[in-house]
Protein chains: 2
Amino acid sequence: MDESVRQHKFLLDESEMPTAWYNIVPDLPEPPPPALHPGTLEPAGPEDFAPLFPMDLILQEVSQERYVDIPGAVLDVYRQWRPSPLFRAHRLEQALDTPAHIYYKYEGVSPAGSHKPNTAVPQAYYNKLAGVKKLTTETGAGQWGTALAFACALFDLECEVWQVGASYDQKPYRRLMIEAFGGVVHRSPSELTAAGRSYLAQDPNHPGSLGIAISEAVEVAAPDPEIRYALGSVLNHVLMHQTIIGEEALLQLDKAGERSPDLIVGCTGGGSNFAGLAFPFLREKLAGNMSPTIRAVEPASCPSLTRGTYAYDFGDSAGMTPLMKMHTLGHDFVPDPIHAGGLRYHGMSPLISHIYELGLMEAISVPQSECFAAGLQFARTEGIVPAPEPTHAIAATVQEALRAKETGEEIVILTALCGHGHFDLASYDAYLNGRMVDEAFDEDRLAEGLSTIPAVPGR
Amino acid sequence: MDESVRQHKFLLDESEMPTAWYNIVPDLPEPPPPALHPGTLEPAGPEDFAPLFPMDLILQEVSQERYVDIPGAVLDVYRQWRPSPLFRAHRLEQALDTPAHIYYKYEGVSPAGSHKPNTAVPQAYYNKLAGVKKLTTETGAGQWGTALAFACALFDLECEVWQVGASYDQKPYRRLMIEAFGGVVHRSPSELTAAGRSYLAQDPNHPGSLGIAISEAVEVAAPDPEIRYALGSVLNHVLMHQTIIGEEALLQLDKAGERSPDLIVGCTGGGSNFAGLAFPFLREKLAGNMSPTIRAVEPASCPSLTRGTYAYDFGDSAGMTPLMKMHTLGHDFVPDPIHAGGLRYHGMSPLISHIYELGLMEAISVPQSECFAAGLQFARTEGIVPAPEPTHAIAATVQEALRAKETGEEIVILTALCGHGHFDLASYDAYLNGRMVDEAFDEDRLAEGLSTIPAVPGR
């Protein structure tokens, strides 16, 4: 019962909130490879994305500007929960008996309970400006679908969500949350699309994957000019919208008197949460202002960075999107139905993949039982039950804090707590009651997945 | 898409957090009637409460001091989520097209997702100081059980929770949340206690009630000096711990430039959330510094203030507690299994009952479908899905905002959003899909409940 006064959270006023997103592309030593048209194999132009996205977002996708102003209407929505708090994990530090200073940037304060509204809100806004009536999307853990349903409610758009079957079955409350915001949810694969029907034909209880759900949402959106598609991660503009997380964290660490963090660590599925925190710190690192290690953490069962191939591949399972050069397990790879549904994606953001290839960051993978153990320790010390996705980052943080205990180094760790686990408690139940096992990674399945990567001559 | 800059939240630094709880008792024009020993019918002394509570809390229960310092160890825990934010509901105002200014003090940012940790943390702290090893308690909606499990985890106490059967069945995630924090949960009535077995003998699927769950938790705690009982509402010390809500709100409304609110409105079950917000404002009203209307909102199916009798009655259903003078529907009254489980209590806090009798506040009741309609409108504008309990306060806020629209008055409303509804989505599902009906209030059941109030000569 330490009664000394110690500050737990580092807040910013609404007036201190950053008003621009950061685009890392022009700061990189080499430009990322372009997306390719799947038919011609030539670099894809804005018109190739036009059936899916409004032009404002396409221009952001290919922007060479370092900063993009956040529209006032988006800032106005952000202000409800942003700036989000930065916490010092004093009690976790005590429990680990570590000299490390552990900070977590908490995005669970948003309406959807995760970082996803940071991009859902601008995506809904730009689509509304473009006259769109309905947005379709996929959702894994349900965080993204919830965020988009919330954003659509604010901008008076319809919202139709294909939720990955495994998550749909595990997390009924996520569907209810999307419905509470006025969205419509389908279990994916569904009978509503040709892509969905083809997977159901293989297996009527198909657990689905993000790649399949994307195929379904894209299939519905592309032919109808009043319907557009919204992606919750992977693409450059989505990652850029998330950089407000890292921009705030830079200001907040400064308030905490920590100007030179040693480790920035975040979980990666499609990569948006990780990029959102890490890119502004990478900018500072590239500029020589600090020298943190930047580490991505992925699930052992879906290790696109650590076990995938860097190659051109489709973003969806049915092969409907432009080809993107990325770390991929193969667009037809269906990972185990692990509890971190938001990390079950066959590929990694092309931009993060490129940065990884440039050697500017590192990646590790962690098995899920280690993640849930860390998540429970976090809950019982810090009081927040984390979503299964960020437990990967917490597990990596604990690893590093225990290393610091051995070396005695007072290192500064910053991690992204990208969402709470209020809708994931069935997963904690499985862990607490011994129903969670770490399957050995299926090498045959990986080989099969990698075999589906298309050949792209000369790339 | 209003792009003008408008402030959404009014924050306080940790350094601005109040460091004392407010005890309204010495400021009242008449002292509240004492609790009575159920055997002698004489005023109960501290020793009568000693089998249930540690002496520090008993002394707070009967304190005549206006302010009680918050211990440093409790402040240190509070600082993780306190000061909690005060929000201006700009988008709800727009949707209602009202000139009213609507503010809500949001307690859902706490680890348990409600106001309950404000008292769970000091209760765990004082019990730990007194050498207690385990706390038992009841929980209705599950908010209180979650809060106590969290607080016990921090202070290394065991925690055993009897959850009202109807809530246990409706809200499996609440049990899982309590277990994630390390607590143990039983469906009440349970086979573990004599009280529980007697109710199960009447009905093996008994929906339970807060009164029954209290009987069970008390029965286990009283005979064992290493086990004590913790109550989540009703008692003076519990209400006092919650006054930090109103103290903060006073400072925050001042920052918002609103020094004279017209209406303070909160939902009431046992009364702690309502008192926490309202008592500091009532102090200012009694001192002549402002003149807000102070309004309690209760469910139409459990209307202790508006339909109950002001009389001495037991706090639990089995008649094991001291007698308290309060508005009561009869200690054996079992309300309909409505979705706002936290408001299903047969009595009202004696202190609030006394203040109501003094004419210092008013009360209304609202049927649950009106509450859920207001809750959904709130979710789709403000982005927060409220717990069913505070939807009662939101419904009353909407009523008043629409009245202001008719009169054109720019009134200032402050309401208590005491928790989020992440574990209550099955209730929203029932509402959205037409499975929620407002039963006519059962007058026969009320008459039967009132008939169980004991006769206390001369009181």
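Let's start inside one helix. R175(B) and E179(B) form a salt bridge, with the closest N and O atoms 3.2 Å apart. By salt bridge I mean a side-chain nitrogen of Lys or Arg within 4 Å of a carboxyl oxygen of Asp or Glu. Both residues sit in helix α8 (residues 172-180) of chain B, four residues apart, about one turn of the helix. Helices here are DSSP runs of H or I, at least four residues, and strands are E runs of at least two, numbered from the N terminus.

A word on the source. This is a predicted model, where local features need pLDDT of at least 70 and side-chain atom pairs count only at pLDDT 80 or more, while totals for chains, interfaces and linings use all residues. Residues are numbered from 1 along each chain as its sequence is written, chains are lettered from A in the order written, and side-chain values use heavy atoms, without hydrogens or water.

Next pair. E400(B) bridges to R295(B) at 2.8 Å. E400(B) is in helix α17 and R295(B) in strand β11, so the pair ties together parts 105 residues apart in sequence. Buried or exposed, E400(B)? Buried, at 14% relative accessible area. R295(B) is buried too, at 10%. Buried means under 20%, exposed over 50%, partly exposed in between (1.4 Å probe, protein chains only).

Now chain A. E16(A) meets K255(A) at 3.0 Å, N to O. They are 239 residues apart. E16(A) is partly exposed at 29%, and K255(A) is partly exposed at 45%.

Last, across the chains. How many salt bridges link chain A and chain B? Four. D76(B) pairs with R6(A) at 2.8 Å.
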